[in-house]
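Hello,

Here is the structure we talked about handing over. Please have a look at it, then read the notes below.

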Amino acid sequence: MRTAGAFLVILLLAGCASEAPVETPAMYVNMAAPGARLDAAAAASMISQYRQNNGLAAVEVDPDLMRLAETQSQAMAAANKMDHDVKAPLAKRLNGSGYPATLAVENVSAGYHTLAEAFSGWRDSPPHRANMLKNGVTKLGIAASYAPNTKYKVFWTLIMATREAG
């Protein structure tokens, strides 16, 4: 009886060991790794929830703003410099891409390895928080670019905007 019980425990433990690994939640994925992918929908959900908790409307992912955010993050990574104007000011970048924004704000940062860290950094900085809580924005684009041979390793861009009606 004792042997059968021990055998059953071994079988149960073996079953536990063969379970699939638990996937890291999107907000905690380490972006300081080759091939890391930022989950834009998770970012939009996180930022929308924050906005809704503060009495504001949700935002949704915009493919054009995603491209603009990616370009900005890559430019900062290539220059090893966190700077809104590394290529051009936001208004010029929006106009140059043909994005019909009537309202737009941008947060950039560097050195945060996860979406949760970047979000917390922006939330805890009054100017960045004001951008995330900008009344009237409806769309967002967000990007994180990994540059292993730079000071910060990961460069972040969040662009929130409203398109012209029509």
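**The largest pocket**

Strand 3 gives the largest share of the lining of the largest pocket, namely five residues. This is a predicted model: local features need pLDDT of at least 70, side-chain atom pairs count only at pLDDT 80 or more, and totals for chains, interfaces and linings use all residues. Residues are numbered from 1 along each chain as its sequence is written, and side-chain values use heavy atoms, with hydrogens and water left out.

Back to the pocket. The largest pocket holds about 250 Å³ of space. Its lining has 15 residues, and the closest to the centre are Ala 36, Arg 37, Leu 38, Glu 70 and Ala 144. Helix 3 (63-79) and strand 3 (139-146) each supply at least two residues of the lining. By class, the lining has ten nonpolar, three polar and two charged residues.

The terms are these. A pocket is an open set of points on a 1 Å grid over the protein atoms alone, where a 1.4 Å probe fits, with protein on both sides within 12 Å along at least five of seven lines. Lining residues have an atom within 4 Å of a point. The volume is the space filled by probe spheres set on the points, which are joined across faces, edges and corners. Nonpolar covers Ala, Val, Leu, Ile, Met, Phe, Trp, Tyr, Cys and Pro; charged covers Asp, Glu, Lys and Arg; the others, Gly among them, are polar.

**The overall layout**

The protein has six helices and four strands. Helices (H or I, at least four residues) and strands (E, at least two) are DSSP runs, numbered from the N terminus. The order from the N terminus is α-α-β-α-α-β-α-α-β-β.

Of the 166 residues, 37% are buried. Buried means under 20% relative accessible area, exposed over 50%, and partly exposed in between (1.4 Å probe, protein chains only). The protein exposes about 9300 Å², by the Shrake-Rupley method with a 1.4 Å probe. Carbon and sulfur atoms supply 56% of that area.

In what order do the four strands lie in the open sheet? The order is 1-3-4-2, with mixed pairing. Two strands pair if DSSP finds at least two bridges between them. Strand 1 (60-61) and strand 2 (101-110) are the edge strands, and each pairs on one side only.

Strand 4 (residues 154-163) pairs with strand 3 in the antiparallel sense over eight bridges. Here Gly 141 stands opposite Ile 159, and Ala 143 stands opposite Thr 157. Strand 4 also pairs with strand 2, again antiparallel, over nine bridges. There, Ala 104 has Ala 161 as its bridge partner. Nine of the ten residues of strand 4 are buried, so strand 4 is largely enclosed by the rest of the structure.

**Helix 5**

Which residues of helix 5 (residues 115-123) are buried? They are Leu 115, Ala 116, Ala 118, Phe 119, Gly 121 and Trp 122. Their cover includes helix 2 (40-53), strand 2, helix 6 (126-132), strand 3 and strand 4.

**Single residues to look at**

Asn 80 is not a glycine, yet has a positive phi of about 50 degrees. Asn 80 sits in the loop between helix 3 and helix 4 (90-97). Its relative accessible area is 36%, so Asn 80 is partly exposed.

Lys 153 is another non-glycine with a positive phi, here about 75 degrees. Lys 153 belongs to the loop between strand 3 and strand 4. At 31% relative accessible area, Lys 153 is partly exposed.

Thr 138 lies in the loop between helix 6 and strand 3. Thr 138 is partly exposed, at 33%. Leaving aside neighbours within four places in sequence, Thr 138 is in contact with Ala 58, Val 59, Glu 60, Ala 161 and Thr 162. Ser 48 is 90 residues from Thr 138 along the chain, but their C-alpha atoms are separated by 9.6 Å.

Leu 103 lies in strand 2 and is partly exposed, with a relative accessible area of 24%. Leu 103 and Thr 138 are 35 residues apart in sequence and 9.5 Å apart in space, C-alpha to C-alpha.

Best wishes

Definitions and conventions:
Contact = heavy atoms within 4.5 Å.
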